[in-house]
Number of protein chains: 4
Amino acid sequence: MNDIGHNSDNATGNELKQFIERIERLHEERKAIADDIKEIYGEAKGRGFDVKAIKHIVSLRSKDANAVQEFEAIVELYKSSIGMA
Amino acid sequence: MNDIGHNSDNATGNELKQFIERIERLHEERKAIADDIKEIYGEAKGRGFDVKAIKHIVSLRSKDANAVQEFEAIVELYKSSIGMA
Amino acid sequence: MNDIGHNSDNATGNELKQFIERIERLHEERKAIADDIKEIYGEAKGRGFDVKAIKHIVSLRSKDANAVQEFEAIVELYKSSIGMA
Amino acid sequence: MNDIGHNSDNATGNELKQFIERIERLHEERKAIADDIKEIYGEAKGRGFDVKAIKHIVSLRSKDANAVQEFEAIVELYKSSIGMA
DNA sequence: GGCATGGGGCTTTAGC
DNA sequence: GCTAAAGCCCCATGCC
């Protein structure tokens, strides 16, 4: 009965509690979506696809094409500068 | 085979594309939730709360929930590992 | 008093404690090395190198060359099958 | 200066190579420690201990150490966020 | 505006 | 081989 934060005469505590609970609810939703994503990868795997490769493609599609090319360019530059095939 | 755009006789490409698009849709949903969370923090900030402190509290509440379960587990573990079945 | 594990007449608890402490010591050493690695990346960055690219090269060097090529091949296959440039 | 594959006038390549080799050396050391840890678990197993339980205990001890610090932090955080400076 | 810190997501590895 | 957990990487935020 002495819990700070849920007495009607502690408006600040109440408000804070409401914010926290809304955030925690969204965290749950976010986790549910993460689980859905995992489930889809499981399906794809069950259909014979290479999950790692799909993840890589999804990642590539989400990135700026120029940025990807520039990154690959510098990797090649470094590789040649150290005599790597 | 450069079936650009995916022909109906490229069943594999079609299936793969479906998987990828479902994943990307979920990524969008996940991002929308992340934005909602940020929005709530913005509200809280506007109401005079310390966003960093709230984040810390939310984090600790999440960890504490796990800690309770783990504590119960360790009691049994200690007992069994020292032969106190 | 249930101070299990540090009485001289509890040989099992003592032995267990020794194992745990040896492990924890190694965990500390491992962390020190991880910190050293981060420090080197910091040096490289200070010398004008692209840290992300170096990490990628280190990763490539640690992997089997054939495996890398095979992975890249399947990614290209998937990309073409969905009409991705 | 005698390294095959890069000339002494390729100072950048040399420097990069040095960074990479230092990192790879640390990776090896880190792996050696990981092997040591596995070895200790093997010893413990040979002495009749439950490896999984020990790992769990080590993990919890690590987390508990953090939890103590975080607990002290949260007390202040709660106080300040509800205006109990 | 760069830097350091922390949180979230991804990858990889260990165990079943 | 699959699932769970640990380490790593990246990004977003706060600080200097």
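The structure is a predicted model, in which local features need pLDDT of at least 70, side-chain atom pairs count only at pLDDT 80 or more, and totals for chains, interfaces and linings use all residues. Residues are numbered from 1 along each chain as its sequence is written, chains are lettered from A and ligands numbered from 1 in the order in which they are written, and side-chain values use heavy atoms, with hydrogens and water left out.

**Interface between chain B and chain A**

Chain B and chain A each give 25 residues to the contact, where contact means heavy atoms within 4.5 Å. About 2,800 Å² is buried between the two chains, and carbon and sulfur atoms give 76% of that area; buried area is the accessible area (1.4 Å probe) that two parts lose on being put together, summed over both. Of the area that chain B buries against chain A, B:F19, B:I40 and B:F49 supply 20%, more than any other three residues.

The count of salt bridges between chain B and chain A is six. On the side of chain B that touches chain A, the elements that give two or more residues are α1 and α2 of chain B. The largest share of that side, 19 residues, comes from α1(B). Helices here are DSSP runs (H or I, at least four residues), numbered from the N terminus.

**Salt bridges**

Over all chains, the structure holds 30 salt bridges, each defined as a side-chain nitrogen of Lys or Arg within 4 Å of a carboxyl oxygen of Asp or Glu. Three of these pairs are listed below.

| Pair | Closest N and O atoms |
|---|---|
| B:R61 and A:E24 | 2.6 Å |
| B:E29 and B:R25 | 3.8 Å |

B:R61 lies in helix α2 (residues 51–81) of chain B and A:E24 in helix α1 (residues 11–46) of chain A, so this pair joins two chains. B:R61 is partly exposed, at 35% relative accessibility; the term covers values between buried (under 20% relative accessible area) and exposed (over 50%), computed with a 1.4 Å probe on protein chains only.

A:R25 and A:E28 are three residues apart in helix α1 of chain A, and are therefore separated by about one helical turn. A:R25 is partly exposed at 46%, and a network of salt bridges links A:R25, A:E28 and A:E29.

In helix α1 (residues 11–46) of chain B, B:E29 and B:R25 are four residues apart, so about one helical turn separates them. B:E29 is partly exposed, with a relative accessible area of 30%, and B:R25 is partly exposed at 45%.
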